[in-house]
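User: Please take one part of this model, the place where its chains meet, and look at it closely. Then relate it to the surrounding fold in one connected account, with the criteria stated.

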Protein chains: 2
Amino acid sequence: MGSGILRLILRKPGLAFVGAFARRSERAGMDAGRAIGLDHDLGIDVEADLAALVARTRPDVAIQATCSTIKEAADEITTLISRGVHVISIAEEMAFPACHALQWAEKIRAQAIEHGVGVLGTGINPGFMLDFLVVALTGVCSDIESITAKRVNDLSPFGPSVLTSQGVGLTPEAFRAGVEDGSVVGHIGFPESIHMICRAVGWEFERIEQSREPIVSSVRRQAAFVTVEPGRVAGCLHTATAYRNDKPVIRLIHPQQLLPALEGEETGDYIEISGTPPLRLSGSPEIPGGEATVALAVNMIPRLLSAGPGLFTMTDLPPPAALLGDARALTRAP
Amino acid sequence: MGSGILRLILRKPGLAFVGAFARRSERAGMDAGRAIGLDHDLGIDVEADLAALVARTRPDVAIQATCSTIKEAADEITTLISRGVHVISIAEEMAFPACHALQWAEKIRAQAIEHGVGVLGTGINPGFMLDFLVVALTGVCSDIESITAKRVNDLSPFGPSVLTSQGVGLTPEAFRAGVEDGSVVGHIGFPESIHMICRAVGWEFERIEQSREPIVSSVRRQAAFVTVEPGRVAGCLHTATAYRNDKPVIRLIHPQQLLPALEGEETGDYIEISGTPPLRLSGSPEIPGGEATVALAVNMIPRLLSAGPGLFTMTDLPPPAALLGDARALTRAP
């Protein structure tokens with residue numbers, strides 16, 4: 001993700017690339033252009049000491065794209081904030097940090113305000129398809145009974161670490177054991193999306209129930225990094241349901257699997273609201289997650305710089321917009 | 001629209017109805033409940049003197065829902081602003097007032113800031129389907145070549161004034177004459193939507209071309225207020241295209257007609273972006289315009305009250321969200 005983000009920043013007028021930090025120390029000392037697979041140097045080396053890098057280069061904004069959890073992201077984010085750098089994070093838990101780490105989120109909010117910077121979590125999911133877009137669509141409703149949003153994607157572009165996290169290639173028994181021991185993770189971000197939706201519309205909810213079921217393949221599914229034989233697991237059907245007054249009011253469904261088309265399932269994004277008026281919106285194939293997250297991280301730069309200090313979720317700021325003009329012209333004084 | 005808005009306000013916790021103004025003086029003195037078709041009094045009469053009404057009732061926010069153009073809306077809006085009342089307008093031209101009335105918009109912005117209030121134009125279209133939602137979807141793109149958005153609706157719920165403005169029932173010749181003399185208007189709001197999209201993404205454009213073509217019916221189309229015989233006009237196919245470097249980059253299409261299903265055309269909303277990544281999103285039937293505009297006008301109240309003073313378009317504020325909790329709890333200090 002970091003490579004995609006840097007490639008995009010290099011192409012966007014009004015954005016200047018001033019430094020690259022890599023958590024993996026074997027990257028330190030490499031030219032950043034080489035590190036992201038360009039065939040030429042950028043003249044800026046990847047560094048392993050974030051505080052020193054920031055002190056020397058004094059960036060306006062940093063895009064933090066190194067991990068999924070707040071636990072992993074916290075040190076980098078506080079290092080950046082305390083040095084007066086705005087932060088856009090694509091760590092899934094940063095989409096709504098108060099969900100998993102309420103006290104930390106309040107500390108970060110105070111720290112951000114103290115140092116006059118904004119902090120935002122974004123990404124396709126959580127951050128856009130199953131939360132921001134759902135919220136925006138509720139805007140045309142005067143009442144809502146329930147919300148269902150589904151994202152069906154294809155894991156074939158992804159590498160071994162993602163495939164492992166979805167249990168791809170396992171037996172159904174090993175999948176269930178993996179869910180138990182935490183090695184089969186499914187999607188990270190459902191509680192964040194549910195919190196974001198509920199806070200935006202003013203719903204309180206009692207609980208979230210999640211389930212992770214194996215998608216057992218009836219056919220051979222072959223991709224670059226893995227082959228799934230019939231009877232083995234092609235992916236994880238992860239769902240989350242939020243209950244309010246003991247009724248399911250939000251249902252988020254995200255089956256992530258290898259090549260669903262081989263068994264006739266189309267990929268796509270689907271939002272359905274039972275309300276006044278009822279509405280359905282969908283698109284197929286699914287908006288590609290990697291490209292979209294890269295774009296969102298960069299496109300939100302002017303939005304965050306215009307927002308003033310604080311800790312923000314995607315529904316706290318004006319909508320994302322493709323950054324097609326000069327980023328400086330699209331940034332207004334908060 | 002005013003009736004629908006008041007009915008919704010009456011149902012929403014945290015909102016109190018304090019006064020009703022009617023431009024049509026024959027409504028003045030009626031109980032507001034009766035005026036909107038309730039079977040009981042609300043104990044608040046409709047008034048014809050807006051300044052006196054505001055001075056006495058001192059509302060936080062007014063929803064201005066009396067007209068389509070800035071020319072018609074201007075007096076009411078300035079009366080409200082100058083008395084310290086936040087304003088949400090559903091006048092189509094208020095969706096992006098700088099488009100038709102740049103100097104007036106700058107004056108209103110300054111006046112709003114002077115009096116510490118926010119002013120917002122909203123509605124389903126312009127304001128949401130063909131602009132806000134388009135902008136939000138561009139947020140997942142790193143580059144865009146062109147945008148096409150289409151809204152196919154059914155005019156059968158609408159009354160004579162809307163049907164006349166779309167040329168329903170005319171001969172094709174009379175339709176063309178009506179376009180010439182301005183009696184066949186088509187959709188109001190394409191330039192506003194195009195300005196909103198272009199400003200959000202940072203695109204400059206050279207010109208907008210609009211066309212209004214008759215939709216000639218091959219079948220008999222019968223609705224409550226009108227019957228269209230074969231050979232007559234069932235509605236107006238209105239399109240607007242924005243050009244950039246002499247290429248069409250935004251194309252908005254809005255055929256408004258009676259009962260399109262009778263000739264096999266589904267109603268619906270369609271957004272297609274040619275870009276990186278390409279994307280399509282659609283929903284059928286179309287989000288009903290009247291209900292959605294009513295909901296947006298009310299749902300934006302907490303968003304506007306949280307925004308601080310200024311003149312806003314829908315893409316300047318956080319996304320709309322259904323107002324399902326207490327409106328006061330959803331309003332934050334700006």
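Analyst: Lys12(A) and Asp143(B) form a salt bridge, with 3.8 Å between the closest N and O atoms; the term requires a side-chain nitrogen of Lys or Arg within 4 Å of a carboxyl oxygen of Asp or Glu. The model is a predicted one, in which local features need pLDDT of at least 70 and side-chain atom pairs count only at pLDDT 80 or more, while totals for chains, interfaces and linings use all residues. Residues are numbered from 1 along each chain as its sequence is written, chains are lettered from A and ligands numbered from 1 in the order in which they are written, and side-chain values use heavy atoms, with hydrogens and water left out.

The rule finds six salt bridges across the interface of chain B and chain A. On the side of chain B that touches chain A, the elements giving two or more residues are α1 (2-11), α6 (132-138), β6 (143-154), α9 (190-201), β13 (279-283) and α10 (289-305) of chain B. Helices (H or I, at least four residues) and strands (E, at least two) are DSSP runs, numbered from the N terminus. That side of chain B comprises 32 nonpolar, eleven polar and nine charged residues, where Ala, Val, Leu, Ile, Met, Phe, Trp, Tyr, Cys and Pro count as nonpolar, Asp, Glu, Lys and Arg as charged, and the others, Gly among them, as polar.

In extent, 52 residues of chain B are in contact (heavy atoms within 4.5 Å) with 52 residues of chain A. The two chains bury about 3900 Å² between them, 63% of it from carbon and sulfur atoms; buried area is the accessible area (1.4 Å probe) that two parts lose on being put together, summed over both. In chain B, the residues that lose the most area to chain A are Val140(B), Leu281(B) and Leu324(B), together 15% of what that side buries.

Helix α10(B), one of the elements on that side, also lies across β3, β4, β5 (118-121) and β14 of chain B, at about 145 degrees to β4(B). Axes are lines fitted to C-alpha atoms, for helices over the stretch in contact, and angles run from 0 to 180 degrees between N-to-C directions. In chain B, four strands form an open sheet of order β3-β4-β5-β14 with parallel pairing; two strands pair if DSSP finds at least two bridges between them. Its edge strands are β3 (61-64) and β14 (310-312) of chain B, each pairing on one side only. With direction ignored, neighbouring strands are turned by 15 degrees against each other on average. β3(B) and β4(B) (residues 86-89) run parallel and are joined by four bridges, and Gln64(B) has Ser89(B) as its bridge partner in β4(B).

Chain A holds an open sheet of four strands in the order β3-β4-β5-β14, again with parallel pairing. At its edges stand β3 (61-64) and β14 (310-312) of chain A, each with a single partner strand, so one side of each is left without a neighbour in the sheet. β4 (residues 86-89) and β5 (residues 118-121) of chain A pair in the parallel sense over three bridges, Ile88(A) having Leu120(A) as its bridge partner in β5(A). Helix α10(A) packs on this sheet, touching β3, β4, β5 and β14 of chain A, and its direction makes about 145 degrees with that of β4(A). Leu305(A) lies in α10 (residues 289-305) of chain A. Leaving aside neighbours within four places in sequence, Leu305(A) is in contact with Val61(A), His86(A), Thr331(A), Arg332(A) and Pro334(A).

Some backbone details remain. Most residues other than glycine have a negative phi, and most peptide bonds are trans. Ser284(B) and Pro285(B) are joined by a cis peptide bond with omega about 0 degrees, and Pro285(B) is placed in the loop between β13 and α10 of chain B. In chain A, the peptide bond from Thr276(A) to Pro277(A) is cis, with omega near -10 degrees; Pro277(A) is in the loop between β12 (268-276) and β13 (279-283) of chain A. Arg58(A), in the loop between α3 (50-57) and β3 of chain A, has a positive phi near 45 degrees.
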